[in-house]
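Me: I am new to reading structures. Could you take me through one, feature by feature?

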Amino acid sequence: MLADGLRRALTLLVAGDPDVLGIAALSLRVALTATVLACLVGVPLGFLLGTTRFRGGRTALTVLNTMLAFPTVLVGLLVWLLLARNGPLGGLGLLYTWWAIVLAEVLLAAPIAAALTAAAVQSVDPRVRRTALTLGAGPLRVHWVVAREARYALFSTVVVAFGRVLAEVGAAMIVGGNIRHHTRTFTTAVALATSQGDFALAIALGLVLLALALTVNVLLHMLQGRGDALGT
Amino acid sequence: MLSVRDLTHRYDGRVVLDVAAFTLPPGSVTALVGPNGSGKSTLLRILAAVERIDRGVLELDGRPVRTRADRLAARRAITLVEQQPLLFDLSVRANLRDALRLHGEVSPRADPRIAEALELVGAGALGDRGARALGGGETQRVAIARAVLLEPRVLLLDEPLSAADRAARDALADTLARLRERGTTVCFSSHLLEKAYRWSTRLFTLVEGRIEGVTPENLFRVDIPPGQGSRTVQAGPLALTVVTDREGPSTVAIPPEDILVSRTALASSARNQFPGRVSAIGEDGRGRIRLVVDVGTDLVVRITPSALTELDLHVGTPVVLAVKAMAVRVF
């Protein structure tokens with residue numbers, strides 16, 4: 001069955017099956033958009049929690065770490081209730097669109113980005129901040145120096161957030177509805193194919209998903225390498 | 001001019017610094033000596049305006065450093081090189097360029113200045129190396145070059161010789177000489193007394209967080225047994241009689257001026273007599289002779305040049321040192 005799946009996957013890919021290509025394009029679009037948005041929210045939040053001491057900061061970190069264990073179907077359900085026609089954001093008409101999936105994935109990935117960022121900047125040698133201060137750096141530049149020292153860990157944060165979003169299925173299924181050509185992503189397509197007994201297609205899609213994840217990670221690592229070269 | 005007044009600083013509820021006044025006059029080179037844990041690093045960090053003060057005032061040119069803007073301005077006038085300096089995870093040259101940028105300078109002449117600073121500390125060849133791949137001495141030299149590059153009015157160096165190899169020591173001596181020409185105010189902490197004496201114009205001892213009026217030689221950590229008045233404590237290998245009301249862990253100092261040197265044991269009122277041999281003879285840079293006598297541990301004794309001649313002392317001469325119990329300072 002696995003061999004069959006591999007053969008089928010190759011056929012689908014080589015033939016440039018429009019269905020598979022459409023699913024791939026949508027999955028990438030959803031994953032990249034959600035990763036960017038989640039990092040835009042999560043990274044600054046994590047930075048703040050990791051570098052600044054204030055009342056409730058530790059509690060916030062605990063809440064954040066708890067959110068890492070949030071069941072994805074629960075997030076899906078919450079977003080569904082928000083976006084449902086009689087929900088608070090029902091008027092936007094976003095339910096069963098790819099934007100609904102993006103919203104759910106952002107809610108899932110932003111805490112990951114925040115928690116990992118906080119851990120990354122907390123593990124930076126305290127002398128980094130002090131050295132920047134002794135060199136006469138203003139507050140913004142001090143933050144920049146700390147972020148630069150944590151750059152490898154921050155890159156990993158982006159990679160992990162992206163992986164989470166790309167591989168997520170529960171929330172995408174609930175709020176996207178797995179509508180062909182509209183909200184069918186790799187994971188929801190694999191779930192559907194499996195439930196229909198079309199294991200070969202499921203395996204094929206799974207393999208393409210893995211290849212896609214590999215490609216994006218390689219690209220990110222190349223980007224990280226270039227960022228490194230710029231620093232010297 | 002940089003100074004602290006009425007300073008009390010706590011760490012974990014314990015007072016680690018208690019300094020009524022400490023001033024660095026413009027152009028002076030001040031050495032700060034004292035045992036480990038005496039508060040030297042904390043004092044330097046406070047002077048560098050990177051550590052908050054619990055109580056007291058930091059003043060730059062007579063004006064208190066209070067607000068965020070004051071602190072930033074102070075940090076741009078003062079640079080601290082820490083005991084274990086940190087270079088950023090960049091190349092050596094990028095570290096120096098970065099320092100200029102952090103300092104708020106966009107210098108069109110950055111590259112020649114960076115080359116000059118590296119040359120000054122003998123690190124001209126290290127420019128392209130990754131800063132984190134350097135050894136301890138190299139790191140220290142590059143950190144000093146980075147500080148000098150910023151042309152601070154006050155340069156603070158915390159134990160600049162701790163990780164220093166020979167090259168770093170020589171580089172530091174050259175650098176200090178250059179800074180003196182420029183009129184830069186320098187304050188460094190050190191446990192190497194000879195260097196501290198040679199390189200500084202002023203010398204202070206920090207003991208248990210206080211600036212003490214004793215010279216830093218012959219300091220011992222002791223545990224004083226309970227009781228009152230005269231007691232005998234174990235100061236390294238020496239059984240030392242002291243007079244104090246203190247008990248428990250303390251520091252004792254035997255002032256080098258208060259030690260009597262004789263060729264044979266004296267019948268005297270001095271409670272402490274230690275036989276030993278002269279192990280080094282030198283000048284202290286202030287017109288007196290500095291003897292080091294090995295009595296099981298090294299004790300520093302200061303005598304006049306005429307006493308040296310009269311007693312006919314040489315390296316290896318057996319002598320007896322005598323110290324009154326009352327002369328031993330207890331902190």
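Reply: Start with strands and pairing. Helices (H or I, at least four residues) and strands (E, at least two) are DSSP runs, numbered from the N terminus. Two strands pair if DSSP finds at least two bridges between them. One caution: this is a predicted model, where local features need pLDDT of at least 70, side-chain atom pairs count only at pLDDT 80 or more, and totals for chains, interfaces and linings use all residues. Residues are numbered from 1 along each chain as its sequence is written, and chains are lettered from A and ligands numbered from 1 in the order in which they are written.

Me: How many residues lie between β12(B) and β13(B) in their hairpin?

Reply: Two. In the turn, B:G236 has a positive phi of about 60 degrees. The strands, β12 (residues 229–235) and β13 (residues 238–244) of chain B, run antiparallel and are joined by seven bridges. One pairing to find: B:T232 has B:T241 as its bridge partner in β13(B).

Me: In what order do the five strands of the open sheet in chain B come?

Reply: The order is β15-β19-β16-β17-β18, with antiparallel pairing. At the edges are β15 (260–262) and β18 (298–303) of chain B, each pairing on one side only. From one strand to the next, the twist averages 45 degrees. Now look inside the sheet. Six bridges link β16 (residues 272–283) of chain B with β19 (residues 318–323) of chain B.

Me: Why is helix α3 of chain B largely enclosed by the rest of the structure?

Reply: First, the rule. A residue is buried if 20 or more other C-beta atoms lie within 10 Å of its own, exposed if 12 or fewer, and partly exposed in between; C-beta atoms are placed from the backbone. In α3 (residues 92–102) of chain B, eight of the eleven residues are buried, so the rest of the structure largely encloses this helix. The buried residues include B:V92, B:R93 and B:L102. Just after α3(B), B:G104 takes a positive phi of about 85 degrees. For chain B as a whole, 41% of the 331 residues are buried.

Me: At what angle do helices α2 and α5 of chain A cross?

Reply: Axes are lines fitted to C-alpha atoms, for helices over the stretch in contact, and angles run from 0 to 180 degrees between N-to-C directions. Here α2 (residues 18–51) and α5 (residues 98–122) of chain A cross at roughly 35 degrees, and their axes come within 6 Å. By class, their contact has 25 nonpolar, eight polar and two charged residues. Ala, Val, Leu, Ile, Met, Phe, Trp, Tyr, Cys and Pro count as nonpolar, Asp, Glu, Lys and Arg as charged, and the others, Gly among them, as polar.

Me: How many residues of chain A are in contact with chain B?

Reply: Two residues are in contact if their C-beta atoms, placed from the backbone, lie within 7 Å. By that rule, 17 residues of chain A touch 19 residues of chain B. On the chain A side, α6(A) gives the most, with seven residues. That side has six nonpolar, six polar and five charged residues.

Me: What is the mean pLDDT of chain B?

Reply: pLDDT is the predictor's confidence in each residue, from 0 to 100. The chain B mean is 89, and 97% of its residues reach 70 or more. For the model, ipTM is 0.73 and pTM is 0.74.
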